[in-house]
Every structure is written in C-alpha cells, then in structure tokens.
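Please look at the sequence and the three-dimensional structure shown below. The explanation after them leads through the main features in turn.

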Amino acid sequence: MAMAYLGSKKANSAALMSSPSPSPHQRILTQDELKKIAAYKAVEFVESGMVLGLGTGSTAKHAIDRIGELLQQGKLSNIVGIPTSTMTHEQALSLGIPLSDLDNHPVLDLAIDGADEVDPDMNLVKGRGGSLLREKMIEGCCKKFVVIVDESKLVDYVGGSGLAMPVEIVPFCWKFTAQKLQSLFEEAGCVAKLRTSPENGKPFVTDNGNFIIDLYFKKDIGDLKAAGDAILRLAGVVEHGMFLDMATTLIVAGELGVTVRHKC
Ligand SMILES: O=C[C@H](O)[C@H](O)[C@H](O)COP(=O)(O)O
C-alpha cells in the first residue's frame with residue numbers, strides 16, 4: 001500500500017532524506033518491505049561485542065533476523081541479546097543469538113525496536129503488541145535506542161493516529177482501573193477498552209500475567225509527562241505505552257527513501 005507524508009511530517013522528513021526519489025518505473029513498496037528497510041538500516045549501528053536490546057513486533061523481527069544472519073556469516077561476533085518478549089526470546093534462540101537478561105546485563109549498548117506512533121519530538125507510543133513493560137525496562141537501560149518505523153507511524157501528536165495507547169494493568173478489578181483511566185482523560189474524549197484475544201474473546205494476557213487497557217483519544221492530551229505521571233499514580237497500573245524522551249535515533253522508511261534522525 002502506498003503511503004504519503006502529511007503536513008509537518010512531510011517538511012520534517014523531506015529535509016532528512018538520504019536516498020533519491022523513486023523513478024516512475026519503480027514499484028511501490030509494501031509496508032512490510034519498508035519495515036525491513038528501516039530494520040536493516042538500524043542493524044548497521046550494531047558492532048561486535050555489543051549487549052543489544054532486541055525489540056518486539058513485525059519491524060523489530062526483521063532486525064533480529066538480520067542480526068542472526070550476520071552472526072551466522074561471521075560478520076558479527078560476541079553479541080549478547082536481551083529480548084523484550086517471550087516471542088522475541090524464541091525468535092532469537094532459533095537464530096542462535098546468545099541471550100541474557102537485565103539482572104546479568106543492566107547496561108545495554110544499543111536497543112532496536114519498532115513503535116506504533118512517533119511524534120515530531122520522537123516521543124513514542126508502544127505496546128500494541130502487548131510488550132510495553134519489558135520494552136520500557138530494557139530500552140530505558142540502553143546507551144542508544146534506535147527506533148525503526150515505516151512512515152505510516154508518524155503522527156502530529158501522541159494519540160494522533162486514533163489508534164490505541166496501551167496501558168498494562170493488574171487483572172484485579174480491571175473494570176475499576178479502566179474507568180479511572182478513562183476519567184483521567186475525559187476532556188480528550190477518552191474511551192478505555194480492555195484488550196481481548198481475537199481468537200477467544202478472553203482478556204489478552206501479557207508476558208507478565210497482566211491485562212492491557214487500550215486508551216483511544218479524540219483530542220490531543222497535551223502535556224505527555226503530566227499524563228504519564230497521572231496514569232502511573234493509579235494503583236492498579238503497571239506501566240503505560242508512552243515512551244517519552246527515550247529514543248536517541250529514529251529511522252523512517254518511506255516511499256521517498258530512508259531518513260535517519262539523531263536526537264540532539
Ligand atoms: O508491543 C509491541 C511493541 O511495542 C512494538 O514495537 C510495536 O507495537 C510496533 O510493532 P510493529 O513493528 O509490528 O508495528
């Protein structure tokens with residue numbers, strides 16, 4: 001599917017394009033091909049001997065495949081991966097990537113992960129795959145955090161896609177917590193919904209045994225730090241999916257090429 005930049009995102013990104021526009025004869029890339037392009041670009045930052053945070057999702061999967069390939073080819077060595085989900089753990093194991101955890105490696109050199117939304121300040125929404133807690137724990141310990149997205153993930157403000165901003169909560173009295181979350185953002189027209197499994201309609205359960213409440217906003221919620229702090233003050237909340245001021249590098253793949261932006 002073809003995608004286009006809109007408004008400020010176009011101006012922002014066009015200045016950073018690192019490859020030329022496609023000729024009229026080039027076919028339009030699929031969203032998955034764009035994800036792969038961003039992922040491969042990110043793996044160029046990986047060096048032998050690094051402790052790496054391995055993200056979760058369809059974009060991060062391409063990066064992990066590439067790391068596995070480079071290890072097998074002997075082009076990378078002595079890598080230690082810290083997976084952000086059981087799914088990534090299994091993928092990395094199948095590729096022969098040596099794994100560890102935060103207990104043994106509390107400081108990471110680099111993490112590579114996708115995102116659900118990226119705003120102009122490189123604030124992120126993550127967790128539509130349900131892995132936000134482990135991702136935030138691991139990506140908060142990285143010297144560099146490289147975020148990889150196709151251009152459809154760029155938004156003017158957090159929540160601007162109209163899709164979910166996930167919050168991981170304890171299962172105990174989840175309706176109570178969902179109601180509290182919705183009330184926090186009444187002015188932004190927030191609707192809070194329990195995430196359920198499409199297969200059986202039962203609550204989706206995270207790797208940590210928790211539930212996810214998806215928040216949908218009709219308007220910009222404004223001060224993200226204040227919003228995040230208010231969410232975390234609710235006793236049933238474990239973590240929210242806003243990753244504020246965490247990304248150090250953003251790689252965006254789009255129809256016009258790949259951009260690499262480093263946060264100052
Ligand atoms: O919980 C999932 C993660 O935060 C993913 O990184 C995020 O949902 C982006 O996933 P994808 O690359 O599949 O769009």
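The text that follows treats the domains, the surroundings of the ligand and a sheet.

This is a predicted model, in which local features need pLDDT of at least 70 and side-chain atom pairs count only at pLDDT 80 or more, while totals for chains, interfaces and linings use all residues. Residues are numbered from 1 along each chain as its sequence is written.

The protein chain is assigned domain 1 (7-155 + 245-262) and domain 2 (165-239), with bounds from an automatic or database domain assignment. Their C-alpha centres lie 25 Å apart. To the contact, domain 1 contributes 12 residues and domain 2 contributes 11 residues; two residues are in contact if their C-beta atoms, placed from the backbone, lie within 7 Å. On the side of domain 1 that touches domain 2, α5 gives the most, with four residues.

Around the ligand there are 18 residues, of which Gly57, Ser58, Thr59, Gly114 and Gly129 come nearest; a residue counts as near if its C-beta atom, placed from the backbone, lies within 6 Å. Both α3 (58-72) and α5 (132-139) supply at least two residues of this shell, and α3 gives the most, with three. Helices (H or I, at least four residues) and strands (E, at least two) are DSSP runs, numbered from the N terminus.

Three strands form an open antiparallel sheet in the order β4-β5-β11. Because β4 (117-118) and β11 (242-243) stand at the edges with a single partner strand each, one side of each is left without a neighbour in the sheet. Strand β5 (residues 124-125) pairs with β11 over two bridges, and two strands pair if DSSP finds at least two bridges between them. Leucine 124 stands opposite phenylalanine 243 in β11.
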